[in-house]
Amino acid sequence: MKLREEALQRLESLDLGGYAQRRSYLDGNVTHLSAYLRFGILSLAEARDRAWSADCDLASREKFLSELAWHDYYRRVLALLGEGIRSAIEPAKSGWGVDTYERTLPDDIVAGESGLACIDAFTKELRETGYLHNHARLWFAAYLVHWRKIAWESGARFFLDYLIDGDPASNDLSWQWVASTFSDAPYIFNRANLERYSAGRFCSSCPKRSAGCPFEGEYEAISQALFPHKKDENVPQPELRAPADRMVMPGKRPERAIVLHHFDTMRPTHPAARFAPDAPALFVNDAPLYDEASVNQVGRTIVYAALGSMQSEYRVGDFVEESLRFAREFGAEAAIVTESSDPALRRRFRMLGEHIEVLLVPDDPFVTLDEEVDLRRFSRYWSLARRSLRTAASAANIVPLFSN
Ligand SMILES: Cc1cc2nc3c(=O)[nH]c(=O)nc-3n(C[C@H](O)[C@H](O)[C@H](O)COP(=O)(O)OP(=O)(O)OC[C@H]3O[C@@H](n4cnc5c(N)ncnc54)[C@H](O)[C@@H]3O)c2cc1C
């Protein structure tokens with residue numbers, strides 16, 4: 001089955017019943033939609049619409065929508081900061097200076113031989129399947145940054161090399177959230193929390209189960225041991241103001257134009273393709289572009305497989321050069337692309353724009369924020385996003401959308 005069809009089928013059969021209650025458990029009913037969403041095989045808007053029609057409790061619907069919102073939020077931060085997300089956005093609140101953190105991953109972590117059953121199982125699962133449950137990602141990241149004092153950037157890189165949904169926005173910003181360079185406090189956990197949400201599956205076979213488990217203890221004591229210099233003071237946060245959303249569609253479609261597909265929107269119905277359905281379309285497999293955007297080998301395979309559902313010419317080479325060559329072959333005066341928050345793609349669009357008109361079509365919005373938003377914290381974004389969701393749902397007669 002083609003990837004887009006597979007994704008639509010998964011969306012159709014989504015069971016959100018009990019999602020709010022069970023999502024944090026490793027055996028909970030998470031959706032496994034992340035790789036489809038990361039490469040735009042499904043849009044966030046399609047997943048949102050599916051949630052509207054889901055037969056489930058209101059709490060589960062809201063929880064699912066708020067998870068999709070995290071994805072949207074992180075993409076917005078990426079659009080604002082570009083490659084800036086790859087360095088600390090704020091000082092860490094751990095009380096440790098930047099120099100405390102090692103920049104090389106320890107061999108035992110890479111080999112999955114830390115001696116901790118949970119951490120080693122996560123490494124193995126990541127390497128073998130490319131997928132980790134959100135809670136496992138959190139535990140792993142916290143262990144690496146706070147217990148082992150490894151720079152979050154090194155852990156983020158490790159994840160991006162293997163994740164099937166590897167996405168610099170969600171990944172790097174989640175690592176920063178754990179590390180407290182994009183949150184108010186370091187994220188930590190204890191053994192009771194891990195045992196509860198993993199149904200004890202690791203602790204029972206762990207060599208450190210009766211002595212030496214670093215996660216044993218109450219939160220207060222663990223925090224004091226990990227962060228003896230931590231001060232509870234307000235660290236100033238830089239402003240991250242983003243303007244209200246403006247969906248500016250290109251005006252008239254040029255007579256002769258080409259459509260360019262790219263790895264952020266790998267569905268046949270992405271907005272640029274809808275804008276010019278009969279225009280010749282191209283996908284360029286550009287290895288340096290993939291490297292710049294941290295699309296790993298699995299991601300490249302997924303993107304290639306997704307092309308099977310799309311009308312497209314396929315070429316290997318430099319994105320800009322091949323696009324120009326393709327445009328010349330068709331006597332095209334413009335290239336139509338769906339917008340992306342990825343800085344490497346945006347750079348390519350600008351470079352292309354030096355030679356040919358580039359028409360950017362906004363991606364299908366998950367929410368439309370009607371006022372300026374401060375992206376420093378998810379909560380500020382979420383209060384506006386929630387309002388937008390409620391308005392859109394009510395226009396579609398989905399009432400109530402949320403319980404309050
Ligand atoms: C350290 C760390 C690294 C991460 N790296 C990535 C990454 O590279 N790519 C990625 O897509 N997600 C990443 N996440 C977020 C999250 O873990 C995954 O999106 C989720 O586990 C994917 O599984 P699912 O589709 O079954 O999720 P579900 O729980 O079913 O959620 C549905 C969808 O909501 C979105 N979502 C859920 N949680 C988050 C979140 N915390 N942040 C952003 N979006 C979210 C995803 O698109 C997901 O597919 C990371 C989280 C952490 C803590």
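Mentor: Let us begin with the sheet. Strands of a sheet pair through backbone hydrogen bonds, either parallel or antiparallel. In this predicted model, five strands form an open sheet with parallel pairing, in the order β4-β3-β2-β5-β6.

Trainee: Which are the edge strands?

Mentor: They are β4 (313-316) and β6 (357-361), each of which pairs on one side only. On average, and with direction ignored, neighbouring strands of this sheet are turned by 30° against each other.

Trainee: How many bridges join strand β3 to β4?

Mentor: Strand β3 (residues 281-285) pairs with β4 over four bridges, in the parallel sense. Within this region, N285 stands opposite V316 in β4.

Trainee: Which strands does helix α16 lie across?

Mentor: Helix α16 (residues 319-329) lies across β2 (257-260), β3, β4 and β5 (334-338), and it runs at about 155° to β3. Helix α17 (residues 343-353) also packs on the sheet, where it touches β5 and β6. The direction of α17 makes about 145° with that of β6.

Trainee: Which residues make the contact?

Mentor: From α4 the contact uses L44, A47, R48 and A51, while α5 supplies R61, F64, L65, L68, H71 and D72. Sorted by class, this contact of α4 with α5 has six nonpolar, one polar and three charged residues.

Trainee: Into which domains is the protein chain divided?

Mentor: The division is into domain 1 (3-83 + 370-395), domain 2 (90-226) and domain 3 (257-361). The C-alpha centres of domain 2 and domain 3 lie 36 Å apart.

Trainee: How many residues of domain 2 are in contact with domain 3?

Mentor: Eight residues of domain 2 are in contact with six residues of domain 3. On the side of domain 2 that touches domain 3, the elements giving two or more residues are α9 (152-162) and α10 (168-179). The largest share of that side, three residues, comes from α9.

Note on methods
Residues are numbered from 1 along each chain as its sequence is written. This is a predicted model: local features need pLDDT of at least 70, side-chain atom pairs count only at pLDDT 80 or more; totals for chains, interfaces and linings use all residues. Two residues are in contact if their C-beta atoms, placed from the backbone, lie within 7 Å. Ala, Val, Leu, Ile, Met, Phe, Trp, Tyr, Cys and Pro count as nonpolar, Asp, Glu, Lys and Arg as charged, and the others, Gly among them, as polar. Domain bounds come from an automatic or database domain assignment. Two strands pair if DSSP finds at least two bridges between them. Axes are lines fitted to C-alpha atoms, for helices over the stretch in contact, and angles run from 0 to 180 degrees between N-to-C directions.
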